Protein chains: 2
Amino acid sequence: MITLSEENYLKAIYHLERQMGGAVSTNAIADKMETKASSVTDMVKKLADKDYIIYKKYQGVSLTAKGNKTAANVVRKHRLWEVFLVEKLNFSWDEVHDVAEQLEHIKSPKLINELDVFLEFPTHDPHGDPIPDKDGNISKLDKISLSKVALNDLCTCVGVIDSSAEFLKYLDKHKIALGTQIKVIEKESFDESMTIVIHNSELNISKTVANNIYVKTH
Amino acid sequence: MITLSEENYLKAIYHLERQMGGAVSTNAIADKMETKASSVTDMVKKLADKDYIIYKKYQGVSLTAKGNKTAANVVRKHRLWEVFLVEKLNFSWDEVHDVAEQLEHIKSPKLINELDVFLEFPTHDPHGDPIPDKDGNISKLDKISLSKVALNDLCTCVGVIDSSAEFLKYLDKHKIALGTQIKVIEKESFDESMTIVIHNSELNISKTVANNIYVKTH
DNA sequence: AATAAAATTTAGACATGTCTAAATATATAT
DNA sequence: ATATATATTTAGACATGTCTAAATTTTATT
């Protein structure tokens, strides 16, 4: 039986592994978990004993297949609950995190399957983060609206929805074209505008603009 | 901040207090919680320190106003989640308990308010148990269908829905009349039939019969 | 390559919630 | 009213997950 604390550590390692790449350091985990490095060392030993991670002293950790699946499942639950909260219970997308953080630990395969059905199989959470499937796979290949891209994710412009002259002129003026790399560095809750980085310079774009740009995430 | 364990103890005491009446003994709590009496003593001291209960050595415990409200709120959450699981996620009424047992500990006033709205303010859970309101009050006074009465609850027949001659003849044959005391002692999951005690003898009645009898709980 | 700085681990402690076994208090029976 | 049985509490132990402070290893600097 996995504990709540173990699940939280696995989730943190999961996020760090795809954010960094390569082995995840003790300090990186301690930062993310807002705890002390010594506590991380203790927990990391337990997780290695249970075959969730590979741990070599002083060399950081990486998830095993089992660990990855377990972590992805926690993330899946977190994001499905976020969709539920926003779509059914009138939460705004910046209010959901703390509650989803609790709900993600509820253990019941039937619950999460049925929730998935009830929500009609959403692919992304309200922040634009993709929802892993039952096996922990996430669809990285579909094009999505720029407005659905998660904070700090890098993506590439692959199309537009509004193809009016005005809109394309706007894109041209700001040097956004097919193939342009875009990184989302800030999202405003009150008007859903976002700050992006293109060609190493920052640009603030409105919700409308973001809605009309298609991207692929990396 | 109240812990998960403290909430579970308060809930157990809450149920025992209305099941028995008067102070609740250490052993009764230990039985219900499936733990040892010594563990109960330890916890009971903590709950008394935090003003959730009144505890006198060797004399059992009783909930304070604060403890009652806190416990009733846990029960409220448990029962609202049960309604959600049955009505929205295709759970049957005998599958919901373990999951609701986890969901009842999620902390978010907004969540439970919105869930209440979403479910359109249900008054009873799928087992027929009443749902306490925000202040911990439960409506004991409404008439409900016998099929909604909780296991081991005592109630009084106050009316019928189907008033056909056949049905009334059936009731007459089994000596069920207005004012008859009925205790539900068993509920079958597969056909929703139930066993009741009337005039000190047992009787098994079908779902249809139970649906058509109105009762008041005590 | 030696040394300083940073990262990581170990050792020992603490809080929570649990347990067993022993001690003590209450209830029951004669 | 005294002995016996039952209920309850205490004392001491343990597991989990955390912490601080000290020791150790790795990395960076000169």
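1. DNA strand D is surrounded by 20 residues, where a residue is near a strand if its C-beta atom, placed from the backbone, lies within 6 Å of it. The closest are A:Thr3, A:Ser38, B:Ser25, B:Asn27 and B:Ser38. The model is predicted: local features need pLDDT of at least 70 and side-chain atom pairs count only at pLDDT 80 or more, while totals for chains, interfaces and linings use all residues. Residues are numbered from 1 along each chain as its sequence is written, and chains are lettered from A and ligands numbered from 1 in the order in which they are written.

2. Two or more residues of the surface near DNA strand D come from each of helix H1 (4–19) and helix H3 (37–49) of chain A, and from each of H2 and helix H3 (37–49) of chain B. Helices (H or I, at least four residues) are DSSP runs, numbered from the N terminus. H3(A) provides the largest share, five residues. By class, this surface has four nonpolar, eleven polar and five charged residues; Ala, Val, Leu, Ile, Met, Phe, Trp, Tyr, Cys and Pro count as nonpolar, Asp, Glu, Lys and Arg as charged, and the others, Gly among them, as polar.

3. DNA strand C also has 20 residues around it, the closest being A:Ser25, A:Asn27, A:Ser38, B:Thr3 and B:Ser38. Here the elements giving two or more residues are helix H2 (26–33) and H3 of chain A, together with H1 and H3 of chain B. H3(B) gives the most to the surface near DNA strand C, with five residues. Four nonpolar, eleven polar and five charged residues make up the surface near DNA strand C.

4. The same surface serves both copies, as 100% of the contact residues of chain B recur in chain A.

5. The contact between the chains takes 13 residues from chain B and 13 residues from chain A, with two residues in contact if their C-beta atoms, placed from the backbone, lie within 7 Å. On the side of chain B that touches chain A, helix H5 (97–103) and helix H6 (109–118) of chain B are the elements that give two or more residues. H6(B) gives the most to this side, with four residues. This side of chain B divides into seven nonpolar, three polar and three charged residues.

6. Within chain B, helix H1 (residues 4–19) and helix H2 (residues 26–33) pack at an angle of about 115 degrees, with their axes 10 Å apart. Axes are lines fitted to C-alpha atoms, for helices over the stretch in contact, and angles run from 0 to 180 degrees between N-to-C directions. B:Asn8, B:Tyr9, B:Ala12, B:Ile13 and B:Leu16 in H1(B) meet B:Ala28, B:Ile29, B:Lys32 and B:Met33 in H2(B). These contact residues comprise seven nonpolar, one polar and one charged.
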